[in-house]
Amino acid sequence: MSGETSTLDIAHLRSWIGREDVGTEIVSADLARKYHATMDFPGEAPQAGEIVPRLIHFCLAQPAAPTAKLGPDGHPARGGFLPPVPLPRRMWAGGAFAFRGDLRVGDEARRISRIEDVVLKEGRTGALCFVTVKHRVEANGELVLEERQDIVYRGLEAPGGAGKVPPAAEQGAHQRPMRAEAPLLFRYSALTFNGHRIHYDRRYVTEVEGYPGLIVHGPMQAALLYYYASELRGAAPKRFSFRGLSPLFDDDAFALHASDDGERLKLWTAKQDGPLCMAAEAQWA
């Protein structure tokens, strides 16, 4: 057992299980316009009463901690809704969505979040603490989305240490070359009210956390893959899950990949001639 694992008070952290946070926000035409522009969707942005893109809920009813109460990484100081895990790196490890309907411009969106589990594990590079959060999103009182969010906390030595280099990812039957450079990361952080400095503060991410560049948001990668799946099949998936496997940086050339797997679609992001960054699965049944 590593020193980090032995010093974590998992019983105290698990006392956060069951805590809830609730937020509400009107789905505005202005948000729809800005999201439409940020994601480079074709055509006109949704207007009053029209359906907005799925996964825009990441921009809605987000917690708004005062700037003075942010931690050194730009996140709200630990120990509020999320447990105070004493490991410096926090990443969105994965998640899953079950869609029951759609949000429209003018809807009152309500997010109900609950801590479902807190688990401590020993990884190859040290202690890992996983926090599972369940979200429900309602529109005018009707359920439109159920979401599971997986957050992982880890030490600074991971994943930058010298480990085994993962193999290059397979090539999908469908591919789309992409880049996610600093302006896109900044816009997405602004829309989602995400102060995490790894996405926009190059000095912080390289000098403090030891990464080689700005990190592309996990939720944004998931959104790109979700929209790609919708385009390939001509309909939005009813269920979608994703899992982060390795960081993707703003100066990486990468691609969206997809291959049919019966009624499902397997999707992933991967660096050019590099490893898998995110794996996902879309289902329509």
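Colleague: What pLDDT does the protein chain average?

Modeller: In this predicted model, 95% of the residues score at least 70. Over the protein chain, the average pLDDT is 93.

Colleague: How many bridges join strand β4 to β5?

Modeller: β4 covers residues 126-139, and β5 covers residues 142-154. The two run antiparallel, with T132 standing opposite D150 in β5. The number of bridges joining β4 to β5 is 12.

Colleague: Which residue in the hairpin of β4 and β5 takes a positive phi?

Modeller: The hairpin has two residues between the strands. A positive phi near 50° occurs there, at N140.

Colleague: In β5, what is the bridge partner of A96?

Modeller: Strand β2, residues 89-99, runs antiparallel to β5 and is joined to it by 10 bridges. Within β5, the partner of A96 is R148.

Colleague: How far apart are the end C-alpha atoms of helix α6?

Modeller: Helix α6 has 16 residues, 218-233. At 1.5 Å a residue it should span 22 Å, and the model agrees with that. The end C-alpha atoms of α6 are 23 Å apart.

Colleague: How many of the residues of α6 are buried?

Modeller: Buried here requires under 20% relative accessible area. By that cut-off α6 is mostly covered, and of its 16 residues the number buried is 13.

Definitions and conventions: Residues are numbered from 1 along each chain as its sequence is written. This is a predicted model: local features need pLDDT of at least 70, side-chain atom pairs count only at pLDDT 80 or more; totals for chains, interfaces and linings use all residues. Side-chain values use heavy atoms; hydrogens and water are left out. pLDDT is the predictor's confidence in each residue, from 0 to 100. Two strands pair if DSSP finds at least two bridges between them. Helices (H or I, at least four residues) and strands (E, at least two) are DSSP runs, numbered from the N terminus. The expected span of a helix is 1.5 Å times one less than its number of residues. Buried means under 20% relative accessible area, exposed over 50%, partly exposed in between (1.4 Å probe, protein chains only).
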